[in-house]
Amino acid sequence: MINLAESAVLANEIANTPEILPSVSWTGEAIDLQPSFDEGSCFIIENGTDGCYVLVENSVSTYVIHTLFKRGTPSSVVIDTAREGMWISFVELDAVELTSSACETNPAAYRLMRKNGMRPLFDSPSKFAKGKKQRYCGITIDDYIINNPFFQEVGAEFHNLVEETTDHEDDAVHDRYVGAAISMIRCGNADKAETVYNKWALMAGYAPITFNEEENTVEAGYMTIHLSDDLQTIGGISCQ
C-alpha cells in the first residue's frame, strides 16, 4: 500500500545499507532523514516495506526527489510508487516543482525520471562517480497538469454538468486545470487549488475561483458551486 510515512525509519534503514549508501551519500556519512521529517521539510511516500519516494525541500514548495528501494524490488513497484508519489506531491501536498538526478552509471534511474514526465535540465560532474556525469531533470505542477489525462476527464465531466451555464468554447487545457483544482479540493487542499488554478486562469482569461470553507462552496465568476460536506461531489450550482 502506498501512503505517506509516519517516520523516516524505513527510509533511513534502506539508505544506510552498505550497497545503497554510496549512491546516496557522496561523503560516505550515514543518512538521517528524521530531523528533516520532524520539521516538515521532508515527506516520505512508502510502498509497504519495499521502499519509498523521498521529497526533500530545497526551496518554498520545491522538492528534490530521492528513490530508496531494497535490492530486488520489482521495477513495477518502483514505477507505481513514483507515479503515485507524483500525484501525492502535486495534489495532496504543497509541491509546485520537483527535481531529481541520476548518475549516468544508473540509466534505470534516469529512465524512471523521464517516464514520470520529468524533462532534462542539465548535466554536471557527478559527486558519486569520478569522471561521470550527473543528469538532472525536473517537472513543474503546470507540466503535470497539462500532461495528465485524468484531470481532463474530471474537468470535462464538470463542464458537461454546467454546460448550459457556460458560454466559452471547449478548451482541453481549461478542463485539465479545472480537473486539477477539483482533485485538490477533494483531497482537502483547497488553498492550493485556488492558487494553482487562479494563476493559470488569470493568464488564460478565465475567472478566478474562491473557496468558502464555511459554506463548502466555490465561487467561479457568475457561478456558485455547492459541494457535499465531504467535498467529494457537487450538490448543486447556482448562477447570479
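Is Asp80 buried, partly exposed or exposed, and what is its relative accessible area? In this predicted model, Asp80 comes out as partly exposed, at a relative accessible area of 33%. Its salt-bridge partner is Arg83, and the closest N and O atoms of the two are 2.7 Å apart. Arg83 is partly exposed as well, with 47% relative accessibility. Both residues sit in helix H4, three residues apart, or about one turn of the helix.

Side chains of opposite charge can pair when their charged atoms come close. As for accessibility, Arg119 is partly exposed at 38%, and Asp143 is partly exposed at 23%.

The largest nonpolar core contains 53 residues, and Leu98 and Tyr197 have the most contacts inside it. H4 (residues 75–92) gives this core its largest share, namely eight residues. Around Leu98, with neighbours within four places in sequence left aside, the contacts include Met86, Ser89 and Phe90. Tyr53, Leu55, Tyr63 and Ile65 also touch Leu98, as do Met118, Cys137, Gly138 and Ile139. There is also a second, separate core, made of 14 residues, with Ala5, Leu10, Phe37 and Cys42 among them.

Next comes a helix pair. Two packed helices are described by the angle between their axes and the distance between the axes. For H7 (residues 149–161) and H8 (residues 172–186), the axes come within 6 Å and cross at roughly 95 degrees. Since angles of 65 to 115 degrees count as roughly perpendicular, H7 and H8 are therefore roughly perpendicular to each other. On the H7 side, the residues that meet H8 include Pro149, Phe150, Phe151, Val154 and Phe158, along with Gln152 and His159. On the H8 side, those that meet H7 include Val178, Ala180 and Ile182, together with Asp175, Arg176 and Arg186. Glycine is found on both sides of this contact, as Gly155 in H7 and Gly179 in H8. Sorted by type, the residues of the H7–H8 contact split into 10 nonpolar, six polar and three charged.

Notes: Residues are numbered from 1 along each chain as its sequence is written. This is a predicted model: local features need pLDDT of at least 70, side-chain atom pairs count only at pLDDT 80 or more; totals for chains, interfaces and linings use all residues. Side-chain values use heavy atoms; hydrogens and water are left out. Axes are lines fitted to C-alpha atoms, for helices over the stretch in contact, and angles run from 0 to 180 degrees between N-to-C directions. Helices (H or I, at least four residues) and strands (E, at least two) are DSSP runs, numbered from the N terminus. Angles under 35 degrees count as roughly parallel, over 145 as roughly antiparallel, 65 to 115 as roughly perpendicular and the rest as oblique. Contact means heavy atoms within 4.5 Å. Ala, Val, Leu, Ile, Met, Phe, Trp, Tyr, Cys and Pro count as nonpolar, Asp, Glu, Lys and Arg as charged, and the others, Gly among them, as polar. A nonpolar core is a set of buried Ala, Val, Leu, Ile, Met, Phe, Trp, Tyr and Cys residues joined through side-chain atoms within 4.5 Å. Buried means under 20% relative accessible area, exposed over 50%, partly exposed in between (1.4 Å probe, protein chains only). A salt bridge is a side-chain nitrogen of Lys or Arg within 4 Å of a carboxyl oxygen of Asp or Glu.
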